[in-house]
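Reader: I have a model open here and want to talk through the side-chain packing. Can we go through it piece by piece?
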Amino acid sequence: PLKPVPYGLTSAAASSLTFREHNEIFFMQEKAAEHRAKMLLLNTDKATKEEARTQRIEKQCKLSEEVLAKLRQLAEPDGLDALEADAREVTDAACEVLESALNWEATIISLANDVDELAFTSRDGAERQLPLPVPEAQALVTLHLQLKDDANTADAEVSFARAAVSGVVARANLLGEKAERALWEKDSEAAEMAALKGHTMAKRVDIHRSELADAEAKLERASQTLEPLTGRLNAIASILALANADALLAFARAQAAAPKRRPAGTRLTTLSPLNDEEEDMVDELLGPGGGTGESIISEFEGQPVRRHDILTLRPVQWLNDEVINVYLKLVLARAGRDGAGSGVAGAPLRAHVFQSFFYTKLADRGYDYKGIRRWTKNIDIFALDALLVPINQSRSHWVLAVANMREKRFEFYDSLGGRGKAQMEMIRQYLADEHMDKKKTELDLGEWEDVAWKRSEIPYQDNGSDCGAFMCQFASTLVRNVAVNF
């Protein structure tokens, strides 16, 4: 038979082999080809398995991302943890307001009883009042005047507490709706997994709804308690006037002649209205064609203002942190341009304004000086005239706390009439710790007084959305060192 030439051999080399050697070489070559085919098959199978494994991992990662996205959608922008913290805060505030109202009612009743003892019935059957010595009359008048101020403050506290509770209730309802939607919209495996979290969230939100309803009931009771007391105070005033008209008149004159504290400077200014070009710019920025939400409208000292920030300037919106922080930076820049600290009479104050999250960092988890001690490493606040601290109470109401170095007093500006005792105490403690840390000596604050400006001294808002604008104007007026005129 003819000898086949094995693969890879020349004809000359193949002719020197025996037939057996030829067959052995062919057999070995066939085995090698078979082995190569098996290895190729194994490698293909292994590659397929690796690809499947990679796809499973990618699917799990994608599922995890979708679940996280669903959960973030449930929790943002008003997370459950923040809601629970704010619900506790406003319910505690409601309890305090009710307690204050009841205590105030007891004080009014006690004063009324004291005044009633002045009454006697004359021979003609008419009720008369005994004349009072001047010191006693002045003491009663002083208490009466203080209680009138307390009445205004108590009403403001009830209004503020109600606004805060309403804000948290709205957030609870929104969060509850999101959780309930998650229970029904199970359009994917991720949605089903997120719905488990939503079910738990819905239960917790319902608990807080119940707590908030109780807080609203307490505020209603406080309001009902306070309502009839104003009339009783007016009746007491009439009796005091009859008891000793001369003493009351002399005391009123003395009170009127006493020097009055002012929340800012005395120089009168006017607010200029926008011209037509500026009005057109406002319309363009706040209108529907002003750009996307993330587009940067302006930037000042490294802090951008985006379109969604600017839109908080629309009517009935709440100003956000970015707008307020940039505005307050502009206030300081204007003061520097206008000669702050020049020594000229009526010049703007040398001031420092903290960012809006300073107070949150200082006080949200109890007083924490260590968390903010480095914020003033390049600033000597004790060389300034004023230190301004914007505060967002319960994430629903802007107020301004001030350490007025020039007047040696802690001031609280609240367009709803809050007293700010806790906030002023916090700033007092901060000032003492800051002096010890930076100056290595104790700061004597014994002569410093706490002043919460009242309706007769600063303007109050008449709606539930303008607190941010009022707070900004309080800061502007104070730093400019001009009289409040808005």
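Reader: What is Tyr 413 in contact with, leaving aside its neighbours within four places in sequence?
Author: Tyr 413 is in contact (heavy atoms within 4.5 Å) with Pro 263, Val 399, Leu 400, Val 402, Trp 453, Ile 458, Phe 474 and Leu 478. This is a predicted model, where local features need pLDDT of at least 70 and side-chain atom pairs count only at pLDDT 80 or more, while totals for chains, interfaces and linings use all residues. Residues are numbered from 1 along each chain as its sequence is written, and side-chain values use heavy atoms, with hydrogens and water left out.

Reader: Which residues touch the most other members of the largest nonpolar core?
Author: Ile 324, Leu 388, Leu 400, Val 402 and Tyr 413, out of 26 residues. A nonpolar core is a set of buried Ala, Val, Leu, Ile, Met, Phe, Trp, Tyr and Cys residues joined through side-chain atoms within 4.5 Å. Buried means under 20% relative accessible area, exposed over 50%, partly exposed in between (1.4 Å probe, protein chains only).

Reader: New topic. How are the planes of Phe 470 and Phe 474 set?
Author: At 65 degrees, with the ring centres 6.3 Å apart, so the pair is edge-to-face. Rings of Phe, Tyr and Trp (its six-membered ring) pair if their centres lie within 6.5 Å; planes under 30 degrees apart are stacked, over 60 edge-to-face, the rest tilted.

Reader: Buried or exposed, Phe 474?
Author: Phe 474 is buried, at 3% relative accessibility. Phe 470 is buried too, at 15%.

Reader: How many aromatic pairs by this rule?
Author: The count is 10.
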